[in-house]
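Please keep the 3D view open and turn to each place as it comes up.

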Amino acid sequence: MQKLLFVETPKIGFAPPRYACIRTDEPIAVDGSLDEPAWATASWTRDFTGIEGDECERPGHRTRAKLLWDNRNLYVGAEMTWRKAGAEPQASLLSDAEFTILFNPSNTTHEYGEIVVNARAEVDTQFWAMPHRDGGAPIKCFSIKGLAVRCDARGDGETARWSLEAAIPWASVFGDGERSKPPKAGGFWRINLSRADWRVETDQGERSKVINPYTRMPRHDGHWAWAPTGAATAHYPELWGYVFFTDAPRDIPLPPDEPTLWQLRLLYFRQRAYRARNGRFADALSSIGERQDDASGLLMEVTRDMFQITLPAPSGALYAIRQDGYVWRVDEG
C-alpha cells in the first residue's frame with residue numbers, strides 16, 4: 001500500500017488565471033531576447049504574486065510571461081526584474097534565481113513535467129508521476145529532446161533584469177501517443193510558471209544555497225507564481241492556470257465541468273486532513289463537512305486506506321477522484 005503523506009490544504013479558493021495562447025506562423029529564434037515580431041502578438045500574463053496567495057508579502061520584483069504555440073513547439077517567454085537598492089552585481093544576483101515551467105496536459109494532477117532554468121540557461125527537467133504529497137518523486141532522467149532554452153541578462157543593481165525564451169517540442173514532451181502531438185485549437189493544458197530567488201551564503205569564495213536545518217530544503221527570499229497555489233509549493237496542479245490554445249486572441253471562459261472537478265478535489269483535501277487526524281478515511285460525508293443534498297449524485301466508497309468519490313457534472317459527464325488525488329472521467333474509461 002502506497003504511503004500517504006500529510007497534505008496541506010490550500011489557503012485560497014478556486015480562481016486560477018486563464019490565458020489565450022495564440023498560434024503563430026512567425027519564426028522564433030530562441031535567443032532569450034523576446035524581440036521577434038511574433039512575441040508582439042502575445043499578451044503578458046498578470047504579474048506573478050506570492051505562491052501562497054494574498055497572505056504572502058507582495059513581490060519586490062516584477063515577473064511576467066508570454067506564451068505562443070505552433071505545430072512544433074510550445075513557446076514560453078518570461079521577463080524578470082530586480083528593484084533592490086544596493087543590489088549585488090548582476091553576476092552574483094542572477095545566479096541565485098530560477099524560473100520554473102510546470103505543465104499537466106491531462107488535468108488529472110498526475111503525470112506532469114517540470115523545467116527549471118536559471119539565468120545562465122542551466123536547465124533541469126523532471127517528470128512527476130504524481131505530486132510529492134501523494135507519494136510521487138521526481139524522475140530525473142526525464143529528457144525533452146529538442147528543448148531549446150536561452151536567457152538574456154542585462155543591467156546591474158536596481159536595473160538588473162533577465163529574460164528567458166524556451167521552445168518545448170510537442171513530439172518530445174511525453175514520448176509517443178496523443179500527448180506527443182500538437183494540441184487542437186480550443187484545447188487547454190494546466191500550466192504554472194514560477195520564480196524563486198534563493199538565499200545564498202559564501203564560504204571561502206564559494207556561493208551555495210542556504211539550507212533550512214528543519215526541512216533540509218534550500219531557503220528562498222521569494223517564491224512567486226502566475227497561479228498561486230495557496231501552499232508553500234507550486235506542486236498543486238489543481239490550482240495551476242488554464243492555457244487555452246487558440247488561433248486568435250479571445251477571452252475564454254472556464255470549461256463548464258471544472259467546478260465539479262474542484263468540488264471533488266475539495267473532498268480529497270478534506271479526506272486527507274481527516275485521515276491525518278484520525279488514522280483512517282471518513283466513511284460519512286458529514287464527517288468531512290459535506291451534506292448529501294449539497295451534491296446530488298455524489299457517491300463515496302471508503303476503506304481504511306483508500307477511497308473513491310464520484311460526482312456527475314451538469315454536462316452529464318461522470319468524474320471520480322481517489323485517495324492519491326488522481327481525477328478521471330469515469331464514463332470514458
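1. D25 is exposed, because its relative accessible area is 77%, over the 50% that the term requires. You will find D25 in the loop between β1 and α1. Please bear in mind throughout that this is a predicted model. Between D25 and A38 there are 13 residues of separation in sequence, and their C-alpha atoms lie 8.0 Å apart in space.

2. Is L34 buried or exposed? L34 counts as buried because its relative accessibility is 15%, under the 20% limit. The backbone deserves a look here too: L34 is a residue other than glycine, yet its phi is positive, near 55 degrees.

3. A second residue with a positive phi can be visited next. N107 is not a glycine, and its phi is about 60 degrees. The loop that holds N107 runs between β5 (97-104) and β6 (112-118). With a relative accessibility of 9%, N107 counts as buried.

4. Now please turn to strand β15, residues 241-246. How many of its six residues are buried? The answer is six of six, and the strand is described as mostly covered. G241, V243 and F245 point one way from β15, while Y242, F244 and T246 point the other way. The residues of both groups are buried.

5. Which strands pair with β15? One of them is β1, which runs parallel to β15 and is joined to it over five bridges. Strand β11 (residues 188-198) is another, in the antiparallel sense and over four bridges. F244 is a handy landmark for both pairings: A20 stands opposite F244, and F188 stands opposite F244 as well.

6. Moving on, there is an open sheet of four strands in the order β16-β17-β18-β19, with antiparallel pairing. Its edge strands are β16 (299-302) and β19 (327-329), each of which pairs on one side only. On average, neighbouring strands of this sheet are turned by 20 degrees against each other, direction ignored. A helix packs on the sheet: α4 (residues 258-278) touches β16, β17 (307-312), β18 and β19. The direction of α4 makes about 155 degrees with that of β17.

7. As a reminder, strands of a sheet pair through backbone hydrogen bonds, either parallel or antiparallel. Four bridges link β16 and β17 in the antiparallel sense, and L299 stands opposite T310 in β17.

8. The next pair is β17 and β18. These strands run antiparallel and are joined by five bridges, with Q308 opposite R322 in β18. Their hairpin has five residues between the strands, and in it G316 takes a positive phi near 100 degrees.

9. H223 sits in strand β14 (residues 220-225). H223 is buried, with a relative accessible area of 15%. What does H223 touch, leaving aside its neighbours within four places in sequence? The contacts are T49, G50, I51, S194, R195, A196, A232 and A234.

10. Finally, please look at the second largest pocket, whose volume is about 460 Å³. Its lining is made up of 25 residues, and T49, G50, G53, D54 and P228 lie nearest the centre. By class, the lining has nine nonpolar, seven polar and nine charged residues. T49 and G50 link this point to the previous one: they are among the residues nearest the pocket centre, and they are also among the contacts of H223.

Technical notes. Residues are numbered from 1 along each chain as its sequence is written. This is a predicted model: local features need pLDDT of at least 70, side-chain atom pairs count only at pLDDT 80 or more; totals for chains, interfaces and linings use all residues. Side-chain values use heavy atoms; hydrogens and water are left out. On a 1 Å grid over the protein atoms alone, a cavity is a set of points where a 1.4 Å probe fits but cannot get out, and a pocket is an open set with protein on both sides within 12 Å along at least five of seven lines; lining residues have an atom within 4 Å of a point. Grid points are joined across faces, edges and corners, and a volume is the space filled by probe spheres set on the points. Ala, Val, Leu, Ile, Met, Phe, Trp, Tyr, Cys and Pro count as nonpolar, Asp, Glu, Lys and Arg as charged, and the others, Gly among them, as polar. Two strands pair if DSSP finds at least two bridges between them. Helices (H or I, at least four residues) and strands (E, at least two) are DSSP runs, numbered from the N terminus. Axes are lines fitted to C-alpha atoms, for helices over the stretch in contact, and angles run from 0 to 180 degrees between N-to-C directions. Contact means heavy atoms within 4.5 Å. Buried means under 20% relative accessible area, exposed over 50%, partly exposed in between (1.4 Å probe, protein chains only).
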